[in-house]
Amino acid sequence: MEFSVDPSSRLPIYRQLGEQIREAVARGRLRPGEQLPSVRDLSRTLVVNPNTIARVYTELEREGVLHTRQGLGAFVAEPKAELTKRARKERLEELLDRFLTEAVYLGLSAEEVVAAVAERAGQFQWSHV
Amino acid sequence: MSDAIFTQRLTKYYGRRAVVDSLDLRVPQGSVYGFLGRNGAGKSTTIKMLTGMVRPDSGKAFVLGEDVAGLAPAARARIAYLAEGHPLYRWMTVGEMARFARAFYPTWNDQLLEQILDHFALPRRGKIRRLSNGQRAQLSLALAVAPDPELLILDDPTLGLDTVVRREFLESLIQVIQRRGRTILFSSHILGDVERVADRIGILVDGVLRVDCPTDAFKESVRKIVLQFGRTPPAFPGCRGLVSSRQAGANLELIVVGYGDEQRQACEALEPRAIDVIELNLEDAFIEYTRGPRRSLPIFATENRDVESLGAQGAA
């Protein structure tokens with residue numbers, strides 16, 4: 001798994017790395033139980049302060065994306081749905097509305113958007129509920 | 001957490017000008033502190049006062065808990081200093097320089113020194129005068145780290161290095177940081193490097209410490225606000241955290257530290273057609289912050305290490 005950071009970006013380094021890991025997990029490029037590089041190794045390869053890497057791991061653990069085992073390192077957590085079904089539906093609708101608004105302004109038809117969503121969805125790792 | 005560097009109203013005059021003006025600097029132990037400012041802002045003078053090479057006109061400086069004015073040799077041995085430009089005895093070989101430097105320290109980690117010299121592929125028998133600027137910087141870092149110091153003070157260590165050597169230098173610095181508990185203060189003009197390695201930054205403007213906070217907190221607090229009017233914009237009356245405001249055609253462009261409800265209301269009161277809030281990268285944030293009219297710059301300091309709660313707290 002390759003990560004990269006760009007200090008000339010408007011996003012702080014810890015957010016760039018956090019988003020890359022979240023996306024890698026969502027796309028199934030990082031599998032549940034898979035181990036992430038140690039803070040030390042990633043700090044060295046990315047040439048970034050180890051405290052920044054440690055902060056990313058800590059925040060992702062709080063979000064339930066990773067879990068750390070003392071002395072062993074950080075691992076991708078098993079997916080778990082903490083929100084109620086209703087809360088998830090509301091959150092999804094909120095995201096869809098924003099996305100559909102943009103799509104309307106791009107001048108696409110509803111059919112084109114639905115087809116594109118179906119195609120992209122194949123690239124992600126979905127939970128089997 | 002105790003402070004590895006602590007100054008109280010540290011002041012230095014050159015002629016009638018205060019190059020360092022009542023500086024209260026605190027560098028927490030174990031942190032990597034990026035010390036920033038434009039040329040002539042007082043960074044080098046501050047560093048020279050911290051290392052005892054320049055005497056302050058007033059105020060005090062403490063490093064590793066001891067007053068710099070009466071620093072015992074034992075304390076001095078726990079501090080490493082990389083001077084700007086990496087002055088070394090040019091007639092010595094790399095090996096001779098290492099043996100020479102070693103004699104000044106009670107502790108010396110030969111293994112670490114060899115490791116760094118190998119990493120940089122520095123020839124032990126090469127004369128220092130034949131080394132490139134980059135190699136001299138690498139050698140001085142190796143020599144600074146070998147005594148296993150608790151505090152490293154680096155004055156613009158990557159000045160004049162090419163991109164590749166600078167990256168290698170940073171890689172070595174990361175290795176140094178990974179040894180726990182060590183504190184590093186370094187000055188630099190390369191903001192990308194600073195963001196990679198610094199936990200906290202301090203920005204000196206005309207000898208005054210205007211910013212002192214976690215690196216991300218600064219980046220996430222400075223915003224450019226563009227108010228679109230579609231006609232000649234009115235003057236901006238001002239708000240808390242305002243760094244600068246300028247007219248650009250039919251727009252009014254503001255630089256604000258800690259943009260929140262209060263600042264938004266001040267903008268909305270002018271009834272612009274639209275308000276855009278633009279995030280900046282560290283370099284742009286630094287440029288916009290330091291080129292404003294200097295006397296009125298808002299001081300942005302926080303002890304807060306948790307960036308999330310900063311928005312609620314706002315900038316002082």
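Modeller: Two strands pair if DSSP finds at least two bridges between them. Strands (E, at least two residues) and helices (H or I, at least four) are DSSP runs, numbered from the N terminus. The model is predicted, so local features need pLDDT of at least 70 and side-chain atom pairs count only at pLDDT 80 or more, while totals for chains, interfaces and linings use all residues. Residues are numbered from 1 along each chain as its sequence is written, and chains are lettered from A and ligands numbered from 1 in the order in which they are written.

Colleague: Which residue of β14(B) stands opposite B:V222?

Modeller: Strand β12 of chain B covers residues 222-228, and β14 of chain B covers residues 251-257. The two run antiparallel and are joined by seven bridges. Opposite B:V222 stands B:V257.

Colleague: Which strands stand at the edges of the open sheet in chain B?

Modeller: The order of the four strands is β13-β14-β12-β15 in chain B, with antiparallel pairing. Each edge strand has a single partner, so one side of each is left without a neighbour in the sheet. Those edge strands are β13 (242-248) and β15 (274-279) of chain B.

Colleague: In the hairpin of β1(B) and β2(B), which residue takes a positive phi?

Modeller: Strands β1 (residues 3-14) and β2 (residues 17-23) of chain B are antiparallel and share four bridges. B:Y14 stands opposite B:R17, and the hairpin has two residues between the strands. The residue with a positive phi, near 65°, is B:G15.

Colleague: Are α2(A) and α3(A) parallel or oblique to each other?

Modeller: Helix α2 (residues 39-46) and helix α3 (residues 50-62) of chain A pack with their axes 9 Å apart, at an angle of about 125°. Axes are lines fitted to C-alpha atoms, for helices over the stretch in contact, and angles run from 0 to 180 degrees between N-to-C directions. Angles under 35 degrees count as roughly parallel, over 145 as roughly antiparallel, 65 to 115 as roughly perpendicular and the rest as oblique. That is why α2(A) and α3(A) are oblique.

Colleague: Which helix gives the most to the side of chain A that touches chain B?

Modeller: Residues are in contact if their C-beta atoms, placed from the backbone, lie within 7 Å. Here 15 residues of chain A are in contact with 20 residues of chain B. Helices α1 (13-26), α2 and α3 of chain A each supply at least two residues of that side of chain A. The helix that gives the most, with three residues, is α2(A).

Note on methods
Two residues are in contact if their C-beta atoms, placed from the backbone, lie within 7 Å.
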